[in-house]
Amino acid sequence: MLDTDLRNRADIEQMLTAFYQKAFADEQIGYFFTEVVPLDLKTHLPVITDFWEAVIFNTQGYRKNVMEIHRQISEKSSINKKHLDRWVHLFVTTVDGMFAGKKAELIKQRAVSIATLMNIKIASDKTSKL
C-alpha cells in the first residue's frame, strides 16, 4: 500500500510525466498528443503542472482556458466521451500507482469532474453547430 500523498509541485510533475508516457503510447488517445497537436513535453509539462498545482494546491500560476484549448483540439479531431473516459482511466491509474491520500483523491476527483464538464461543453459545441 502506498503511503505517500501528493505533497508539492515536484510530485505532480512526476505523476504527469508517468501519465504522459502512458497517454502518448495509448492506442485510443495517443494520437491526440502525437499527431493532432504534437506535444513537446519540455514545453507542455511546466504549463500543465501549473494547471494541476492550481487545482490541487490553489496556486495562481495557470493563466490559460483549458476548456477552450480542448475545444480547439476537438475541432481538429473530434474528442468524444470514449476518449475522455480513457484519459480519466490512464490518469487515475497513474495516480493510484504512485500516490495515496487526500490530495491524491482530490486530483482524481477533479480529473473526473473536468473530463465530465469537457464532454458536456464539447458535445454542446457540436450540437450548436448543427
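## Residue E68

E68 has 28% relative accessibility, so this residue counts as partly exposed; the class lies between buried, under 20%, and exposed, over 50%. The model described here is predicted. E68 belongs to helix α4, which covers residues 66-76.

The side chain of E68 makes a polar contact with the side chain of Q72, at 2.9 Å. E68 and I122 are 54 residues apart along the chain, and their C-alpha atoms are separated by 9.5 Å.

## Residue N58

N58 sits in the loop between α3 (41-57) and α4. Is this residue buried or exposed? With a relative accessibility of 61%, N58 counts as exposed, because exposed means over 50%.

The backbone of N58 also has a positive phi, near 55°, in a residue other than glycine.

## Helix α5

Helix α5 has 18 residues, which at 1.5 Å a residue should span 26 Å.

Which residues of α5 are buried? They are H83, L84, W87, V88, L90, F91, V92, T94 and V95.

## The largest nonpolar core

In soluble globular proteins, nonpolar side chains tend to be buried together. In this model, the largest nonpolar core has 38 residues. Elements giving two or more residues to this core are α1, α2, α3, α4, α5 and α6. Which element gives the most to this core? That element is α6, with 8 residues.

The residues with the most contacts inside the core are L16, W52, W87 and F91.

## The largest pocket

Rolling a probe the size of a water molecule over the atoms shows where empty space is left. The largest pocket holds about 690 Å³ of space. The elements that give two or more residues to its lining are α1 (9-25), α2 (30-36), α3, α4, α5 (81-98) and α6 (102-128).

How many residues line the largest pocket? The lining has 29 residues, and those nearest the centre of the pocket are F33, H44, I69, H70 and I73. Sorted by class, the lining consists of 22 nonpolar, 5 polar and 2 charged residues.

Note on methods: Residues are numbered from 1 along each chain as its sequence is written. This is a predicted model: local features need pLDDT of at least 70, side-chain atom pairs count only at pLDDT 80 or more; totals for chains, interfaces and linings use all residues. Side-chain values use heavy atoms; hydrogens and water are left out. Helices (H or I, at least four residues) and strands (E, at least two) are DSSP runs, numbered from the N terminus. Buried means under 20% relative accessible area, exposed over 50%, partly exposed in between (1.4 Å probe, protein chains only). A polar contact is a pair of N or O atoms within 3.5 Å; within protein, one must be able to donate a hydrogen and the other to accept it, and residues adjacent in sequence count only if both atoms are side-chain atoms. On a 1 Å grid over the protein atoms alone, a cavity is a set of points where a 1.4 Å probe fits but cannot get out, and a pocket is an open set with protein on both sides within 12 Å along at least five of seven lines; lining residues have an atom within 4 Å of a point. Grid points are joined across faces, edges and corners, and a volume is the space filled by probe spheres set on the points. Ala, Val, Leu, Ile, Met, Phe, Trp, Tyr, Cys and Pro count as nonpolar, Asp, Glu, Lys and Arg as charged, and the others, Gly among them, as polar. The expected span of a helix is 1.5 Å times one less than its number of residues. A nonpolar core is a set of buried Ala, Val, Leu, Ile, Met, Phe, Trp, Tyr and Cys residues joined through side-chain atoms within 4.5 Å.
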